[in-house]
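I opened the model to go through its ligand sites and then the build of one chain. My entries follow in the order in which I looked.

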Amino acid sequence: MLRLFRKSLKTGTVTTDYPQTPSVPGTGFQGLPVWQVQSCVQCGQCADICPTKAIKLQSGKKEAFWIVDPKKCIFCGYCVEVCTRAIVQGEQYEFVESVDRAPQVQAFKHSVHIRHLDSGSCNACDWEMTTLTGPVYDIQRMGFDFVASPRHADVLMVTGPVTRNLEIAVHKTFAATPAPKIVLAVGTCACSGGICGKSYASSGGVNNIIPVDVFIPGCPPRPQALIQGLLKAVGRA
Amino acid sequence: MIRQDRVIAMISSCFGEGVIIAKAHFNELHLEIDKNEIPILAVKLRDWGFPLIQLTAADERGNTGHFRLFYTFANDLENFLIVVSVSIAETELSFPSITEVVPAAHWYEREIQDLFGLDPIGHPDKRCLAVHEDWPEGLYPLRKDFSFDFEVPRTEGRQSYDRVEGEGVMQVPVGPIHAGIIEPGHFLFSAVGDTVINLEARLFFTHRGMEKLTEGKTPLDAFPIVERICGACSFSHATSYCQAIEKLSGTEVSTRVNYIRTVVLELERLYNHVGDVGNICAGVGFAFGTMHGARLKEDIMRLNETVFGSRFLRGINTPGGVRRDISVLDSDLILATLDKLELEFRELVEILLDTNSYMDRVQTTGILFNQIARDLHAVGPAARASGVDRDVRRDHPYAAYNCVSFKVPVYEQGDVLARVKVRIDETYESINIIRQILASMPNGKLIQTLGEMIPYNYAVGMTESARGENVHFIMIGKDQTIYRYMVRSASYVNWPVIPSTVPGNIIPDFPVINKSFELCYSCLDR
Ligand code: SF4
Ligand code: SF4
């Protein structure tokens, strides 16, 4: 028992203070690709190779020929490899997008309770959510916590594209969450269907099943991006 | 190869003209046999000590006019695989079930029934498995004439759960949405008081059609899908896939690629094992262990991100090689992180095994019996904790595992504690393997262009992930694209053993039993 306390004391505090101190991933990080307008020859190879059709080309528009949708990108880097001239892998990972529905933020000024809802993820997004409750990210320090039932939750964090076999469970969980409530789509699958797309087995994104308020792209999103999404959802970022 | 010749002779002497045998790739034996002979052959292979590691089907009606089944058996002592194929005519959509003689076939056969509409005659449990009760009868998603984006209507239920009824027996349904941050599955406990007498698990909630999604794609285009079948075993799955594709295309990767893959495979095992040893503490409410485990796991995941750009080790592998190199600087960083990890992990483990309240909950809890583990072909740490001495890294070496020395820990008790101990021992072994590899990194080309693949040829790739053996079957179509892809993850074979470990334990012990197997749903459901 004594040893246990000694170990904890010796370890000290390991918690980050993100977002006060920003977290920049190192070089080589597989982030959102960045397009450099000057060197682009408009060949369109990038859009052809993209597995999720995240790149949209608009011919004739020199300045905005290339648009990448973060909600679809899975950060595979294929476009960066096929185009050595005009696309580089960026380090950006925080691109939370919220739907302007003027959420009832007032209700969430203090502590916020989250319910995780797996609608068919590959479990990487789920593991990143688990780390939020660990000692390093510890979202309790910001007044967030995960709860065991949707009936106790303010926020639903949904991972996965909503599979056919989970659609009913998603509807029921949404209905069981008392209003006002906020829905977060976590990960590219949840945001747009991602790699799973729309098929006999997948509905192609949470928004097709229940209304989403905040999108957190990433495959999976870094834990910091999840924190940013949560803060944005409750109007604190 | 002499080792294969003995088995060829044994099979020929039993079946004579009735079997066509061909050596394939470097470690496979491809057999063709009449479907009615399969139960006899399966018994023979079982008796010779070759476990069934995979069974799947392909719809080849567009090519040969038939369906075909593929049974893969492993010869662990002599490092080769036996893939038996049988044809099924369109006029006779059934095949003899081998579940009664080889119990490990039970789920595969049910899955083939659901996804291909082929009837396993004589199967003791024909309830649907891979599709749910509201799936209309007569629709089979993996047949070629089923379109990928077909919107399937829902129908009235036809499923029944196994339940025990009687005075004092309560039914406790749990899931598919659980209280913790975990994946979805539905469990029905039949319990008397706190004691469970039967557990029925309902899975395949996260079925995303990943196998069908790869069909018609080139090996490279399908690769990002493969990496996303499972988050926590992403690299192991990717490596199984690459192996199969490299076999099919006759591509030989450089030694450097094999070394890099080995480092990454072991890093994946490390972050899983360290995280799991901690996470199992969550099942008994021992927060100290959970938190320290999470902290150490995070250290490895950050290392992954710094060195390879991805916390889940994605974007490193590719069919024909690796896309990322390990520099001297990276290598130093990896070694320094491992030194620190080893010290801290040792300390954590000592404290855990010295804490009575923890030991009391994990000892003799959730015992998996050796015979059940063998019959149902359990794999990975779960099997090794029940006395099954199997490890793909040693028995079927891939990547650079034949260039390093390591021990395969085996325990006999089969309880939660034994599963924890296997992971603890393997953690130290992994650290050692990485040290050996980094000390002798050879030079070599990172990416090899894939060679031409023979249409309708097939191959099996196999790796040992943190959860156990991952087996990938790939058949190539006529235009160098994937025709059929089947992923049999470690969780696929470990799930069915769980219900056998729970009866006799109390319901509050289920979370810790479940966590000690650390099963994944997404790679099972696909
Ligand atoms: S990184 Fe991959 S998914 Fe993202 S835009 Fe490029 S090719 Fe598409
Ligand atoms: S977004 Fe990516 S990481 Fe998240 S569930 Fe989907 S495939 Fe997995």
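I began with ligand 2 and listed the residues near it (a heavy atom within 4 Å): A:Ser121, A:Cys122, A:Ala124, A:Cys125, A:Gly187, A:Thr188, A:Cys189, A:Gly218, A:Cys219, A:Pro220, B:Arg228 and B:Arg314. Because chains A and B both contribute residues around ligand 2, I noted the site as shared between chains. By class, I found six nonpolar, four polar and two charged residues in this shell, with Ala, Val, Leu, Ile, Met, Phe, Trp, Tyr, Cys and Pro taken as nonpolar, Asp, Glu, Lys and Arg as charged, and the others, Gly among them, as polar.

This is a predicted model, in which local features need pLDDT of at least 70 and side-chain atom pairs pLDDT 80 or more, while totals for chains, interfaces and linings use all residues. Residues are numbered from 1 along each chain as its sequence is written, chains are lettered from A and ligands numbered from 1 in the order written, and side-chain values use heavy atoms, without hydrogens and water.

At ligand 1, I saw that A:Cys50, A:Cys73, A:Cys76, A:Gly77 and A:Cys79 come nearest of the 13 residues around it. The shell of ligand 1 divides into eleven nonpolar, two polar and no charged residues.
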